[in-house]
Amino acid sequence: MSPPPSPPQHRIGLPWPELNDGLQYKDVVSSSESELTTVSEFYFTKYKSSAPLLGWIQRIQNGQIQIDGEAVKDPNTVLRSGSKLVYHRLPWKEPDTPYSLDILYEDDDLIALNKPSGLQVLPGGLFQQRTLLTQLQWWFGKKDTSTGARELHPVPVHRLGRGTSGILLCAKTKLAKTKLAAYFAEGTSLVGSSNLDQDCGTGRKLSKIYRALADGLVEEDEVVIQQPIGVVRYPGVAKGLYVASPEGKSAFSKVVVLERDRKKNCTLVKVEIQSGRPHQIRIHLAYIGHPLGTLFMLRADNQSALIQIL
């Protein structure tokens with residue numbers, strides 16, 4: 001399905017198709033898995049959380065599974081070691097999500113976008129097509145075709161949570177990607193060392209500043225949080241949950257109170273993070289007893305720069 005015509009240059013974003021393109025899941029049968037194992041048993045055993053046995057049998061009978069490049073419809077087909085399996089998941093309608101992105105800055109090496117809340121940055125879970133990365137690929141794919149310019153493959157160099165709005169930096173060249181990734185890693189490498197600057201962004205080439213609405217009234221005007229963050233096992237979550245943990249990796253957040261709303265019992269804070277652990281702001285605010293209500297990066301027209309490259 002070809003994307004619709006391009007929008008004005010200061011904004012990118014093409015409407016999402018009704019259905020995505022589906023997905024392909026690839027497997028190679030190991031010697032231990034091939035001992036008189038049928039294709040239906042293989043998928044049911046390996047992917048129990050995806051569908052019951054009858055569900056896998058139906059998918060096989062629908063021709064959604066290939067063995068060594070050929071579709072099979074017999075659920076009792078016996079597998080052999082080394083066979084290459086491909087499961088074709090049918091296209092589905094992804095949840096509604098924004099698609100329009102304002103261009104805040106662009107040059108030959110990078111582009112800065114204002115990511116809206118509700119848009120996921122990279123594919124994952126239910127969102128395989130409706131992501132910021134897809135919009136980048138569509139936009140620059142059309143741009144290269146129409147201008148005949150060198151082909152660009154812009155990619156995000158950091159992430160913002162799906163519910164978080166704010167500036168997202170994307171590299172348009174390999175050199176820019178390498179440089180920006182090094183800038184983001186710079187602060188994380190200092191956390192836990194004696195060289196950590198309590199002023200957070202001082203002396204760094206790149207700073208990350210967020211605003212958040214925290215539950216309750218934060219009494220101190222400024223709070224420095226250095227609680228490590230790690231992963232613990234949790235039922236139903238394959239990769240575990242990120243939590244405050246003494247055995248986790250070092251993390252550093254500086255919280256500054258901007259406004260206290262005593263009637264609504266909440267506090268608007270500015271949070272600058274030196275490290276970049278998953279869910280760091282949510283975990284650190286909860287750790288000090290003030291769970292996150294809303295998280296966003298400052299808009300470009302705000303006097304405070306939210307990501308500043310020096």
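**A first look at this structure**

The structure holds zero disulfides. Keep in mind as you explore that this is a predicted model.

**Cysteines**
- Cys 170 has a relative accessibility of 0%, so it counts as buried, the cut-off being under 20%.
- Cys 266, at 13% relative accessibility, counts as buried because that value is also under 20%.

**The largest pocket**
- The volume of the largest pocket is about 1,200 Å³.
- Its lining is made up of 32 residues, and Arg 159, Gly 161, Arg 277, Pro 278 and His 279 are the closest to the centre.
- At least two lining residues come from each of α4 (174-190), β10 (206-215), β13 and α5 (280-287), and β13 gives the most, with five residues.
- By type, the lining splits into 15 nonpolar, 11 polar and six charged residues.

**The second largest pocket**
- This pocket holds about 270 Å³ of space.
- Among its 15 lining residues, Tyr 25, Ser 50, Trp 56, Arg 59 and Tyr 87 lie nearest the centre.
- Two or more lining residues come from each of β2 (23-28), α2 (53-61) and β5 (84-89), with α2 giving the most, four residues.
- The lining here comprises six nonpolar, six polar and three charged residues.

- Tyr 234 stands opposite Val 237 in β13.
- Two residues sit between the strands of this hairpin, and Gly 236 takes a positive phi near 85°.

Conventions
Residues are numbered from 1 along each chain as its sequence is written. This is a predicted model: local features need pLDDT of at least 70, side-chain atom pairs count only at pLDDT 80 or more; totals for chains, interfaces and linings use all residues. Side-chain values use heavy atoms; hydrogens and water are left out. Two strands pair if DSSP finds at least two bridges between them. A disulfide is a pair of cysteine sulfur atoms within 2.5 Å. Buried means under 20% relative accessible area, exposed over 50%, partly exposed in between (1.4 Å probe, protein chains only). On a 1 Å grid over the protein atoms alone, a cavity is a set of points where a 1.4 Å probe fits but cannot get out, and a pocket is an open set with protein on both sides within 12 Å along at least five of seven lines; lining residues have an atom within 4 Å of a point. Grid points are joined across faces, edges and corners, and a volume is the space filled by probe spheres set on the points. Ala, Val, Leu, Ile, Met, Phe, Trp, Tyr, Cys and Pro count as nonpolar, Asp, Glu, Lys and Arg as charged, and the others, Gly among them, as polar.
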